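Open the model in your viewer and keep the selection tool ready.

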Amino acid sequence: MEPRALGPPGLLALGVLGSLLALGAQAQLAAAGPEPALWPLPRAVQMSPRLLQLAPANFSIGHGPNSTAGPSCSLLQEAFRRYNEYIFGSYKMHQDLAKFQVGTQLQQLLVTIILESECNSFPSMSSDESYTLTVREPVASLKANKVWGALRGLETFSQLIYQDSYGTFTINEANIIDSPRFPHRGILIDTSRHYLPVKNILKTLDAMAFNKFNVLHWHIVDDQSFPYQSITFPELSNKGSYTLSHVYTPNDVSKVIEYARLRGIRVIPEFDTPGHTQSWGKGQKDLLTPCYKGQKQADSVGPINPMLNTTYTFLTMFFKEISKVFPDQLIHLGGDEVEFDCWASNPNIQNFMKKKGFGQDFTKLESFYVQKLLDIIASMNKGSIVWQEVFDNNNELQPGTIIQVWKLERYASELSQVTASGFPAILSAPWYLDLISYGEDWRKYYLVEPLNFQGSDKQKKLVLGGEACLWGEYVDATNLTPRLWPRASAVGERLWSDKTVRDLLGAYDRLSRHRCRMLRRGISAQPLFVGFCD
Amino acid sequence: MAGGALGLRLLLLAALCGVAAALWPWPRSVQGSPRRYCLGPAAFAFRHHAGSAAQPGCDVLDAAFARYRRLLFGAGPWPPPSLSGQHHESKDMLVVTVATAECNEFPTLESLENYTLTIDDDQCLLTADTIWGALRGLETFSQLVWTSAEGTFFINKTTIEDFPRFPHRGLLLDTSRHYLPLSSILDTLDVMAYNKLNVFHWHLVDDPSFPYDSITFPELARKGSYNPVTHIYTAQDVKEIIEYARLRGIRVLAEFDTPGHTLSWGPGIPGLLTPCYSGSRPSGDFGPVNPILNSTYEFMSLFFLEISSVFPDFYLHLGGDEVDFTCWKSNPDIQAFMKKRGFDDFRQLESFYIQMLLDIISAYNKGYVVWQEVFDNKVKVRPDTIVQVWREEKPVTYMQEVELVTKAGFRALLSAPWYLNRITYGPDWKAMYNVEPLDFEGSPEQKALVIGGEACMWGEWVDSTNLVPRLWPRGGAVAERLWSSNLTTDLDFAYKRLSHFRCELLRRGVQAEPIGVGYCEQEFEET
């Protein structure tokens, strides 16, 4: 009656399952024996067997005397409060001062920002996230060049603390030196196929910070609905959203951006064109291409109409707003899966093609559109990310355009080609978390090596990182969190930790405990396998 | 394509009365009409018919009235009755009448669940043979009520006659691989009632943990649970679950799976499990329950005496699946016992154990359900044993297995195609919906032996973090297959209603996941 014998023979070989069971048993033991579970694993960790204790009422996180940031840095102030809560939770209520042996108590964590703090800035691709952490009695020290590294270090510090079997908060003396392997470590959420309440997005940002992710790729609109409430073109969401309550107001958007900033997370909005735009058509007349059936105009519309000047006037105004509303240096312009049938059916488009000398090659028309759009974005001093088709279909692209590789087939060779052409790349092909399967699929995400493709060192340096994508066809607020976590955590460690950190057994053990920690912090992360959390 | 034509008719009908599209599972016969009546939430009440066998004080119905009032109208405040505009005739009560009132009893496999619902100019009446049927009718009534854009509650003129296709419509939860908090189980019982499911198959214990807090053998949970304080079900918890289920017309079928899947029993009952050998020495590992010791059967007698009195349902589930023979094989005492008995096959030893166990259970006047291996291994069982078919392909396809089981004269339960824990990308509910449980070669007598089926949610990768969205609305597909007519098979019609039903579940606070793109008026928000 249980699934052991259920799978296609060979797929769930008994041997494999046997070892999984063994793992499960091990994890239980491990969970019982208190020790820290670091996720993602830092670059260099030296742990001393010397234990220190923390008394909730007699421990604080503060600014180091030589820090360039002080109490006026609200980003750090908020982080101190947050991490105090994550570390002690409800135990903070116990005010009785525990009596510890002299010389075994950790009383303070001092956070020192060394260079210009960037306290009031937004994080960017080039933000410095490195930090060093030294835990020594009686004061631990966290040093970072910028606040962004301090945020990562606070997370690590909180992961070092555990409760021993008497419930005492305990930490090992330790030295940690850490920095990320890739600067772009993202999660894609899709708020068009299903609307996600703002609360859900904020919760996702919390969990992202626990996993040292630093980019929220917000695929905000698509064919199905247009929840982004534009100031310049309010009809877009008035007509294009599911209902008037399924929208993100300017206030919602700025709330998400600030919440993300406080956690060192960038928000990159995606406004995918010229395909995937059905919902735009409802609120913006003549934007989409009318499709034809024979000589007659049909009832349907296709991708954005690339031959009208009004299209580019609209896009200029629209993206002017977007580039202001979203502070990040990058905007994602989509460009994937453009269907040519509708363009082909339309006699005006045909004429335009002839005039431009495109023949019957609609990829040229698509390129024409994309080039114009990229120019518009460049004129606003923003950089662009596009899906891989834009690279595949274009001979000339503005240098510096970032290509996101999403097609699973031959993604390594795609990375190789993109970087050989000198373009920066982001990998998400092997990390489509919406494609669920039975069992422990996190292992397969974990074992991906992003730089495992043919290319020079120079090419490899062009890989900026990757993204775990949770497309929304079958995902909404009801199942988003357990579907994302801890599966996305596997991607989080792959993008943060050293290339050599690949041991599945150790990862299973740490990740099991990391998921229990996420549970304690209010993230309903699903189980990795049989077992329990306190 | 009779099904298709029927589906089309149903679609037309649903369009006609607009709101019948909300019905899940689809009743036997629905006659709708565009004529509608409004319901005033402040005044509306459920009442016992003067001639009903049940009267105020029948707790099953009284509690259901309160529940459905809250589900329909919430806690208020409600908009005042609109005086302007269209005048609608209003209904201020649903009158309920039952022929027999088993108000203090438990539902059984034999309980009748049929009902008739008549909403017309003259009456608003729910008639049923039993209170259990009335519960099903109340659910249907609640699905018929809809709200206009202005917030007025309406119900259309409707006549529904309804009864289930199969008497056993179950859902299995596994509380051993992961512990499920009491509240998760109670919430699941609520949603089962919304889906007209009527058996909670509680796979309480298994290899990884023993959360059942036995009164007779407290060491079992003390040593065998994940945590003997927080990860157990106390006698009080169990009682609460059984009563909560009863009030919703749901039976609780407890499973204590033996002789395999019992590793967690070992720490609490030394000597119960077979010591495995490595060469001539015990390896320190343990295998299935040790079938050669008298002490095993003494323990089982006492343990199941408790179980028989704690769980009121006539049936117990005794498991019996996936017994691994390697440990038995390694043990010289077992070998000697085999020789003495003249067994040359370990299946004979398994049969020996199971027959002893079945005799114990029979002596307590309980019936039993077993997994199909017990039948496959030719264990001699009582003719009224129920065999649960769970293996998809082996030793034969599940439909062939059902054929064999019923041919041998046993009653069968089907769960092989309905393992909800097995997830795949996309609308996998459709495959579960398309299953026809009687699609096997067999006589009408054989078909009548299929008493229903169960959707199973095994717990290897499921706990309270992901249980609800994984269960619903996918479990609904199984629920309709087991309740509705064999002609209710149109997928488009089902998709429309199931999407609608999932939004209704969200409205009722259930974290049911989407089955396609779209939205609900009220989305789920994390707290």
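Start with His231(B): its side chain reaches the backbone oxygen of Cys533(A) at 3.3 Å. This is a predicted model, in which local features need pLDDT of at least 70, side-chain atom pairs count only at pLDDT 80 or more, and totals for chains, interfaces and linings use all residues. Residues are numbered from 1 along each chain as its sequence is written, chains are lettered from A and ligands numbered from 1 in the order in which they are written, and side-chain values use heavy atoms, leaving out hydrogens and water.

Is His231(B) buried or exposed? His231(B) counts as buried because its relative accessibility is 9% (buried means under 20% relative accessible area, exposed over 50%, partly exposed in between, with a 1.4 Å probe and protein chains only).

Next, select helix α12 of chain B, residues 398–407 (helices are DSSP runs of H or I, at least four residues, and strands are runs of E, at least two, numbered from the N terminus). Seven of its ten residues are buried, among them Tyr398(B) and Met399(B). Just after α12(B), find Gly409(B), with a positive phi of about 90 degrees.

Finish on strands β9 (168–174) and β10 (199–203) of chain B, which pair in the parallel sense over five bridges (pairing takes at least two DSSP bridges). Pick Leu172(B): its bridge partner in β10(B) is His201(B).

Notes: Polar contact = N/O pair within 3.5 Å; in protein donor to acceptor, adjacent residues only side chain to side chain.
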